[in-house]
Amino acid sequence: MTTSPITYSPRRVAAMVLRYWYLLRSSWPRLVELVYWPTVQMLMWGFLQLYIGQNATFFARASGVFIGAVILWDILFRGQLGFSISFLEEMYARNLGNLMMSPLRASEFITALMIMSIVRLAIGMVPVTLLAVAFFGFNLYGLGLALAAFFANLILTSWSVGIFVSGLVIRNGLGAETFAWSIMFLLLPLACVYYPVAVLPGFLQAVAWLLPPTYVFEGMRALMIDQVFRADLMAQALGLNVVLFVAAVIAFRILVDTARQQGALLQMGE
Amino acid sequence: MPAAPAIVVDHLVKAYRNVIAVDDISFSLAPGSITGLLGGNGAGKTTTIAMIMGLVIPTSGVVTVLGIDIARHRHRVLHRMNFESPYVEMPMRLTIRQNLKVFGMLYGVDDIAGRIAQIAAELELIDLLDRPTGKLSAGQKTRVSLAKALINRPEVLLLDEPTASLDPDTADWVRGHLDRYRRERGATLLIASHNMTEVERLCERVIIMKGGRIEDDDTPQSLLARYGRHTLEEVFLDVARGRRAAWVAAQ
């Protein structure tokens, strides 16, 4: 035995990443699905931006805001889906029992799901960003270091939501699967993806500022419209993300423990 | 000095809101022994095995496996155990080789390729190794589950209905392999089953559960003699239908 059963094991993380990689590699519909919706979204918002830009001077000046917003939104949404779908694959395959009774630790499982969310995101989003250059002359990578800050904050939020949803599914079975597909849409209006926070009524603004992605989308608009990188917004988003991530891990542990208490892991169905 | 028990179940209770699934059971299994856990549906067999694996937390009582308290330190011993159950499956799209490689890595197996080759030879899976697991027959899938259960050469092996839905020939082959593995490795096996033939053939000790409690616990021969029956099935029916109480009263 080369792997310590007690401590955190990169080898067990690698085993899970390999398992998901084998699955992706064996299924072309899964690969196509990763690219399909982000491409459709980006093209739709891109053409809308072109149309509005031709008819309104503000939007002509703020060229790329919609495309940037939709790509960043997809990083948030697809990042969470990438995490959650990899987890749900275990439920569909009825393999979770094998994993729960193996030496795999929760922290290793979560790390593997985080890695897979980035892998799936890369497969889906890199072609889309290249298409955005080709169709609309929008180069996401031109944002430079700001993009790294945006990406880090969005992916952290997506992982937190993914961890929480996985806990819900372990606790409640596949009946809670719908949260994996829909929970992020709750953030769509509140995180102000396509409009500034100032548009919201006062009480909703207070809610919006509790969400890390709000700072990212405000930061993106500041960069693209005013050409200012708001490091303060990114720092605030990071602080909130750390709190959110810790809360999600604690919630996951509580949900798994409750499932073990209530014998829910014996009936991993609907 | 006798060797320490491989599994100790001490006053184990599992109560859900309105149901007591396991009601104060205690037993210990000697290393290298093979024990059958018999009982009808709802007797508490699967819950007991799940608590031994740490998948379900007991309401009270303690389970130790190879000297480790499972509820508190299961990760110290899980790499020395394994299990097989028809109620969990291997990922269908992965080939047998891929599945065994993943589980070999999870269980910390050295020389995984060598171990896969060895176990595939033992379980007659060599020609199937690169076939997707979902495209196998029920018997082949059972052999793959068994390969996964043995990939880490476990010292403690828990089996829940290991031959459910298998034809008699395949079931007999699986039983033979389990018995060989136990003898060669000195492993401790606990088998939950409805299949009396299986238990009679494999097990040197039988624990019969009913309504979450242990109704009887002895060697198959002693049970047959005590109940005055010819088969374990008859003994099981006596217990299941409450005839044991009448038998005890008559004594």
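Here is a walk through this structure, chain by chain.

What you're looking at is a predicted model, where local features need pLDDT of at least 70, side-chain atom pairs count only at pLDDT 80 or more, and totals for chains, interfaces and linings use all residues. Residues are numbered from 1 along each chain as its sequence is written, while chains are lettered from A and ligands numbered from 1 in the order in which they are written.

Let's start with chain A. It has 12 helices and 0 strands (helices are DSSP runs of H or I, at least four residues, and strands are runs of E, at least two, numbered from the N terminus). Its C-alpha atoms fill a box of roughly 65 × 40 × 35 Å along the principal axes. The radius of gyration of chain A, 20 Å, agrees with the value near 18 Å that a compact globule of 270 residues would have (it is taken over C-alpha atoms, and the globule rule is 2.2 Å times the number of residues to the power 0.38). Buried residues make up 44% of chain A; buried means 20 or more other C-beta atoms within 10 Å of a residue's own, exposed means 12 or fewer, and partly exposed is in between, with C-beta atoms placed from the backbone.

Now for where the chains meet: 28 residues of chain B are in contact with 32 residues of chain A (contact means C-beta atoms, placed from the backbone, within 7 Å). On the chain B side, α3(B) gives the most, with 5 residues.

Next, look at helix α4 of chain B, residues 112-122. Its buried residues are R115(B), I116(B), I119(B) and A120(B). Seen down the axis of α4(B), they fall within an arc of 130 degrees, so they line one face of the helix (the arc is that of the directions from the helix axis to the C-beta atoms). An α-helix has 3.6 residues a turn, so residues three or four places apart point the same way. On the other side of α4(B), A113(B), G114(B) and A121(B) are exposed. The cover over the buried residues includes α3 (96-106) and α5 (138-150) of chain B.

Chain B also has an open sheet of 6 strands with mixed pairing, in the order β6-β7-β8-β3-β9-β10; strands pair if DSSP finds at least two bridges between them. The edge strands are β6 (81-84) and β10 (213-218) of chain B, each pairing on one side only. Strand β9(B), residues 205-210, pairs with β10(B) in the antiparallel sense over 5 bridges, and I207(B) stands opposite D217(B) in β10(B).

Definitions and conventions
Contact = placed C-beta atoms within 7 Å.
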